[in-house]
Amino acid sequence: MALFSILVTLCLLNIHQVLSDKSDVGLNPGEMIANHGYPSETHEITTDDGYIITLFRIPHGINDDGAAKRPPILLMHGFGVCSGEFVSLGPERGLGFILADAGYDVWLANTRGTAFSRKHTTIDPDLNPEQFFNYTWHEIAIYDVANSIDYILDVNGDDSVYYVGHSQGTTVFLVLASTKPEYNSKIRVANLMAPAAIIKHYPSTLIQGICKYVDRVWSLLQKYRIYEIPLLGTLRETVTTLCANYPDEESDPLCAMIHDSILSRVDEADVPVIVTNCPSGAGLKQYVHYGQLVRDGGFRQWNYGTEKNLEVYGSENPPDYDLSLITTPVAFYYAKNDGLITVEDENLLASMVPNVPVNYMVPDDSFAHIDFAMADDVVELVYNELLDVLSKY
Ligand SMILES: *[C@@H]1O[C@H](CO)[C@@H](O)[C@H](O)[C@H]1NC(C)=O
């Protein structure tokens with residue numbers, strides 16, 4: 001099972017070359033923002049179900065006095081990472097910085113269970129992990145994302161936000177806009193990069209095979225009281241410490257291995273900045289829910305098993321998310337070499353969402369899943385298109 005986590009983590013971390021600044025090593029995303037001379041704010045909000053989550057904010061660009069009103073934009077990170085993925089590349093390539101300089105009020109959310117949002121008003125994640133980590137991206141969508149949007153609108157004063165999601169950050173938009181359709185009017189346009197909802201043709205047959213037994217694996221993990229993905233939580237600090245001086249201390253075999261196998265397209269000097277915040281924590285149930293999607297081929301709610309499904313949903317199978325209820329315009333950005341989401345699955349998803357003004361395939365055959373946040377040429381290949389889409393809404 002550990003292998004299962006490690007394999008997918010390896011896929012998620014197929015990070016491309018980046019340009020970043022070594023002075024960012026060891027800083028949290030808010031500190032990285034300030035480190036580059038940008039205005040940086042940290043906001044904590046409490047969700048309707050009691051989770052305390054952190055939002056970092058870049059209220060305006062660096063050459064801007066902050067006097068004028070700016071439209072708010074919410075950036076939602078992927079599974080197993082945190083908002084650090086949008087600032088680790090520094091002002092030139094980090095999407096958070098680029099959007100701030102383009103005139104937006106930038107908000108970087110961190111979902112429940114990540115390093116900056118591992119808190120709850122009454123539940124202690126270490127003492128009662130079975131309660132704290134009892135959520136999937138369904139709850140992240142209807143609480144973390146919904147409550148973040150309302151908070152941002154309240155602080156900014158506008159009546160709608162722009163939205164950008166990467167990977168799981170796309171899943172949660174699709175869940176929210178179909179489950180609580182009243183949120184469609186609060187989102188001007190949703191930009192979904194590497195969209196993860198239909199995962200019917202998952203490229204790895206090994207993972208596909210494991211997913212057939214996903215419910216059994218889940219029961220087993222519960223029996224051993226494993227609820228949090230340890231590699232992403234506790235081990236992160238170890239990795240960060242080990243890699244702090246990489247590549248000066250090449251003698252460290254673990255960091256060298258991480259670089260060679262996972263971060264081979266990243267400049268060696270950038271590895272310490274990236275691993276400072278990525279990976280971040282995540283709940284195992286989130287991950288198992290994705291496993292159910294791979295097994296079942298649809299985009300649907302948590303599967304409890306036939307008996308409990310009947311009790312909870314009134315049907316043997318969990319209900320599909322009704323994507324036809326999404327009225328927000330959705331721009332999709334996908335890549336041929338994604339590694340997790342096939343072109344076939346992406347095209348099927350795009351055909352199910354009613355209002356899709358843009359379905360953009362990255363014009364580079366080797367562009368992969370994590371490259372949407374990490375590639376050295378992501379600005380030319382993706383962000384220029386994204387800025388263009390934003391300017392039209
Ligand atoms: C987890 O949440 C479900 C409802 O979604 C509930 O039925 C179950 O009892 C909860 N489990 C724990 C351990 O809190």
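Visitor: What makes both faces of strand 3 count as covered?

Guide: P72, L74 and M76 on one side are buried, and so are I73 and L75 on the other. Buried means under 20% relative accessible area, exposed means over 50%, and partly exposed lies in between (1.4 Å probe, protein chains only). In all, 5 of the 5 residues of strand 3 are buried. In a regular strand the side chains alternate between the two faces of the sheet.

Visitor: What kind of model is this, and which pLDDT limits apply?

Guide: It is a predicted model, where local features need pLDDT of at least 70 and side-chain atom pairs need 80 or more, while totals for chains, interfaces and linings use all residues. Residues are numbered from 1 along each chain as its sequence is written, and side-chain values use heavy atoms, without hydrogens and water.

Visitor: How do you know that strand 3 and strand 4 pair?

Guide: Two strands pair if DSSP finds at least two bridges between them. Strand 3 and strand 4 have 4 bridges, in the parallel sense. P72 has D105 of strand 4 as its bridge partner. Strand 3 is also joined to strand 5 by 4 bridges, again parallel. There, I73 stands opposite Y162. Strands themselves are DSSP runs of E, at least two residues; helices are runs of H or I, at least four; both are numbered from the N terminus.

Visitor: What makes strand 1 and strand 8 edge strands?

Guide: The sheet is open, with 8 strands in the order 1-2-4-3-5-6-7-8 and mixed pairing. Strand 1 (41-46) and strand 8 (358-361) each pair on one side only. The twist averages 20° from one strand to the next.

Visitor: Which strands does helix 6 lie across?

Guide: Helix 6 (residues 137-156) lies across strands 1, 2, 3, 4, 5 and 6, and runs at about 155° to strand 3. Angles run from 0 to 180 degrees between N-to-C directions, with axes fitted to C-alpha atoms, for helices over the stretch in contact.

Visitor: Why is R112 called buried?

Guide: Its relative accessible area is 1%, so R112 falls under the 20% limit. R112 sits in the loop between strand 4 (105-109) and helix 5 (129-132). Its contacts (heavy atoms within 4.5 Å) include T47, Y51, Y135 and E139, beyond four places in sequence.

Visitor: What makes the R112 and D49 side chains a polar contact?

Guide: The distance is 2.8 Å. The rule asks for a pair of N or O atoms within 3.5 Å; within protein, one must be able to donate a hydrogen and the other to accept it, and residues adjacent in sequence count only if both atoms are side-chain atoms. The pair therefore qualifies.

Visitor: Why does Q286 count as buried?

Guide: Its relative accessibility is 2%, so Q286 is also under 20%. Q286 lies in helix 13 (residues 284-296). Its side chain makes a polar contact with that of Q168, at 2.8 Å. The Q286 side chain also reaches the backbone nitrogen of G283 at 2.8 Å. Contacts of Q286 beyond four places in sequence include F79, W137 and I140.

Visitor: Which residues surround the ligand?

Guide: They are E130, Q131, N134, Y304 and K308. A residue is near a molecule or strand if one of its heavy atoms lies within 4 Å of it. A polar side-chain atom of N134 lies 2.4 Å from a ligand oxygen. Taken alone, the ligand exposes 360 Å², and the protein buries 43% of that. Areas come from the Shrake-Rupley method with a 1.4 Å probe; for residues, only the protein chains shown count as cover.
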